[in-house]
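Here are a few notes to read with the model open beside you. Take them one at a time and find each spot as you go.

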Amino acid sequence: MTALTVPRTRRRATRTSLPWGSPTVYFVALIVIALMLAPIAYIVIGGFRTNAQITVDPAGLPNPWNPGNYLNVLTGGVFWRQVLNSTIAALSTTIGAVGLGLMASYVLARYSFRGRGVLYALFAAGLMFPITVAITPLYIVVRNLGLMNSLAGVIIPQIAFALPTTIIILVPFLRAIPGEIQEAAFIDGCSRLGFFFRMVLRLSLPGVITTGILAFIGSWNSYLLPLFILNNEATFTLPLGVQAFSSQYSVDTAKVLAFTSLSMIPALIFFSLFERRIVGGLTGAVKG
């Protein structure tokens with residue numbers, strides 16, 4: 001009885017399982033993707049319409065297609081100035097967070113000293129401390145330092161809030177470096193700084209790229225901190241500029257949709273290009 005039952009069970013399992021997965025899973029995934037992409041598609045297509053078309057048929061397609069809204073935004077200086085401000089803030093935040101985070105992670109991962117566990121737990125606790133909670137005292141500190149209406153007043157706090165994520169990801173990478181490599185480097189006459197720049201940077205490159213991408217995207221999409229720090233339109237970043245533009249041209253819905261869709265393109269392109277790097281870096285951190 002037992003010998004006959006097992007093959008039947010295996011045959012049933014082979015019949016029900018498909019090599020490309022369950023159709024139900026694909027159907028649910030397509031629905032979720034459609035729900036996520038529908039608002040983006042509506043904003044992008046809405047930028048090609050006129051206000052009259054949006055008023056008459058809000059859910060219709062452009063008839064005719066009108067690229068004038070996008071051309072007005074692209075030929076104006078406001079959009080490109082805000083893109084430049086966002087790029088400067090994001091790059092500076094990325095360089096600062098990755099540089100400081102890598103040095104702190106190297107010490108926490110490779111050296112034994114009193115209070116190392118407490119210090120690591122302190123950085124880990126920073127993940128549970130959102131910027132929303134600290135925005136009022138942070139505003140007071142930035143104002144007392146005279147950094148209001150400057151990108152430095154946004155960059156420095158963003159570096160501080162990006163450090164916990166950077167350290168949590170990089171420490172496993174640096175701990176996974178074999179001690180024999182470090183001993184061999186010291187025997188060959190390599191100093192501690194030489195080992196750090198020649199070996200550690202190369203071996204932890206996947207984690208460095210991952211943390212850099214996360215810091216860049218977080219800074220690029222930051223809205224609350226620039227809202228409190230930046231009051232001059234010349235220093236507005238792109239998320240803050242979208243809000244200011246939508247308030248200024250509130251009656252011109254089509255132009256607002258065009259400006260909003262153009263502001264999404266840089267982040268979408270950047271994330272789509274480096275999405276595999278993020279997944280690979282996080283996987284390496286988990287394995288480490």
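Predicted model: local features only at pLDDT ≥ 70, side-chain atom pairs only at ≥ 80, totals over all residues.

1. Now the largest pocket, which holds about 330 Å³ of space. It is lined by 17 residues, and those closest to its centre are Gln158, Phe161, Ala162, Thr165 and Gly218. Helix H8 (152-175) and helix H11 (205-220) are the elements that give two or more residues to this lining.

2. What classes of residue make up the lining of the largest pocket? You'll find eight nonpolar and nine polar residues there, and no charged ones.

3. Next, the second largest pocket, with about 170 Å³ of space. Its lining includes Leu119, Leu122, Phe123 and Phe161. Helix H6 (116-125) and H8 each supply at least two residues, and H8 has the largest share, with four. By class, eight lining residues are nonpolar, one is polar and none is charged.

4. Finally, have a look at Thr94, which sits in helix H5 (residues 77-110). Is Thr94 buried or exposed? Its relative accessibility is 13%, and buried means under 20%, so Thr94 counts as buried.

5. What does Thr94 touch, leaving aside its neighbours within four places in sequence? Thr94 is in contact with Gly212, Ala215 and Phe216. Back in its own stretch of sequence, the Thr94 side chain reaches the backbone oxygen of Ala90 at 2.7 Å.

Conventions. Residues numbered from 1 in each chain as written. Heavy atoms only, no water. Buried < 20%, exposed > 50% of the residue type's maximum accessible area, 1.4 Å probe, protein only. Polar contact = N/O pair within 3.5 Å; in protein donor to acceptor, adjacent residues only side chain to side chain. Contact = heavy atoms within 4.5 Å. 1 Å grid on protein atoms, 1.4 Å probe; cavity = no way out; pocket = protein on both sides within 12 Å on 5 of 7 lines; lining within 4 Å. Points joined across faces, edges and corners; volume = space filled by probe spheres on them. Nonpolar A, V, L, I, M, F, W, Y, C, P; charged D, E, K, R; others polar.
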